Amino acid sequence: MNDDVYIIGAGIHPFGRTDGRSGRDQGVYAVREALGDAGIEWGDVEFAYGGSAAAGSADIMVNELGLTSVPFINVANGCATGGSALTAARNAIAAGACDIALAVGFDKHPRGAFNAKPSDYGLPEWYGETGMMLTTQFFALKIQRYMAIHGISRRTLGLVAEKAFRNGTLCDHAWRRSPVDLDTILNAPMVNDPLTKYMFCSPAEGAVALVLASGKKVRELGSDAVRIASVAFRTRPEGSFEVFAPSISVNGGGKPTEVASRAAFEMAGIGPEDVSVAQLQDTESGAEIMHMAENGFCSDGEQEQWLAEGWSEIGGKMPINTDGGCLACGEPIGASGLRQVYENTVQLRGRGGERQVPNGPKVGYSHVYGAPGLSAVAILER
Amino acid sequence: MSALAPIAPGLWTDEAEPRLIGARRADGEIIFPVPSGDAAALVEPVALSRNGTLWSWTTQGFEPKEPYSGPQPFQPFLIGYVELPGEVIVETRIVDASPTDLVIGMPMTFVVVPFDDARSTYAFRPERQP
């Protein structure tokens, strides 16, 4: 058994569009970056987990990385692919099965909104045929109600997007590298009311790889390591309101993010007030706002003040989505959750350059949410 | 009399004032639509109320990719959730309204509407003032 598990190497292939390079090749690129960062060879990796949603199996990467006979488990878990790979890699080391493990996620999606197949989600064909099976609608429907109940303004939605693009200009792995001003965001074409086109992230391409190691290995290698204080991955509880829901319970219910967040904080033995930097799922502006509350960082409605005061800016009291999040980086499903963990690793190591959170952040929190209602939270400590 | 065929069988009742068909689970919870396959044996079909309140809404401003099969050229439409009190909150098209008409909590009424030249689907519209 290994009590503590660490990240000792983090690699990323820039997000966005890379014509002529497959999703898996972007994955190989990220793995080589992570191995180089960790100062190890591919042959040192004892266990590997990885996957994509739309760019094929991860284990084929051994063709490029080397036929070392490493056990390589393909992960296919939708939006939780990266989070699942990280959970599995961490658990393999914690269980004492190995001392060095890899988690990798990559993807390459066509342009435009995702088009899910009803049968893949156990839903009838008419649900898709009538135009109700769109992830963008879910987020709009959820924030529309949330704004009405908790007094969130459209301006606040715009401020979230403005922050994302501003942070993206400082980040070399971001896709959107130009600032977009608030008026442009608010007056852009409406995609799903109240969300305009600049308030939504786009499906994209990219890859992230993380090298994990036991404490024994960290000491042996003298690594620049970040400890994984907890990882919690949860599917939806009874009565929750999720993407692709033809009906919702009138009795209300829990939320997968709340369940995962509570579990992660409990496992880490800390609370929201201890977090120095957070990466929260921002499929669109409203998602970041709602996830601030669902992850325990504020109460419902307080986001209005948070955004007005700049508390979630780099340099604010709790910076959120320091690399521009999904809004600036795009969303390659298999890589997106691991990008958040990558960014926290960069921040806790103090390697953020222009986007570095000041005063040496000690605790990084990441949260990914996706279809059909799942959340994964990882807490890193320096 | 319309010759339109329902977009799928079993979504609403065949009566003068049709109602959506939900499914009551053993624990009393009502879901929509009635599940297919083995799960269908575990529920009891139940006709739902024609009246409810608007729970949330949005616009669909761009044409969805497949499997969307709406009429051409694409016309933006409204969708939302309507709460049928004590029963279930159903996702639905919203008709006879523009975004500026819609207020969360407003009364809504069930209606069967044309989907395209051949098929009908279900929707809710704001309750008409008497």
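Reply: Helices (H or I, at least four residues) and strands (E, at least two) are DSSP runs, numbered from the N terminus. This is a predicted model, where local features need pLDDT of at least 70, side-chain atom pairs count only at pLDDT 80 or more, and totals for chains, interfaces and linings use all residues. Residues are numbered from 1 along each chain as its sequence is written, while chains are lettered from A and ligands numbered from 1 in the order in which they are written.

Now that pairing rule at work in chain B: β3, β2 and β4 make an open three-stranded sheet in the order β3-β2-β4, with antiparallel pairing. β3 (30-31) and β4 (44-47) of chain B are the edge strands, each with a single partner, so one side of each has no neighbour in the sheet. β2(B), residues 21-24, is joined to β3(B) by two bridges, and R24(B) has I30(B) as its bridge partner there.

On to the contact between chains: 30 residues of chain A touch 38 of chain B, contact meaning C-beta atoms, placed from the backbone, within 7 Å. On chain A's side, α4 (125-129), α5 (135-150), β5 (190-192) and β9 (247-248) each give two or more residues, and α5(A) gives the most, with six.

Strand pairing crosses between the chains too: β9(A) runs antiparallel to β7(B), residues 88-94, over two bridges. In β7(B), V90(B) is the bridge partner of S247(A).

Conventions:
Two residues are in contact if their C-beta atoms, placed from the backbone, lie within 7 Å. Two strands pair if DSSP finds at least two bridges between them.
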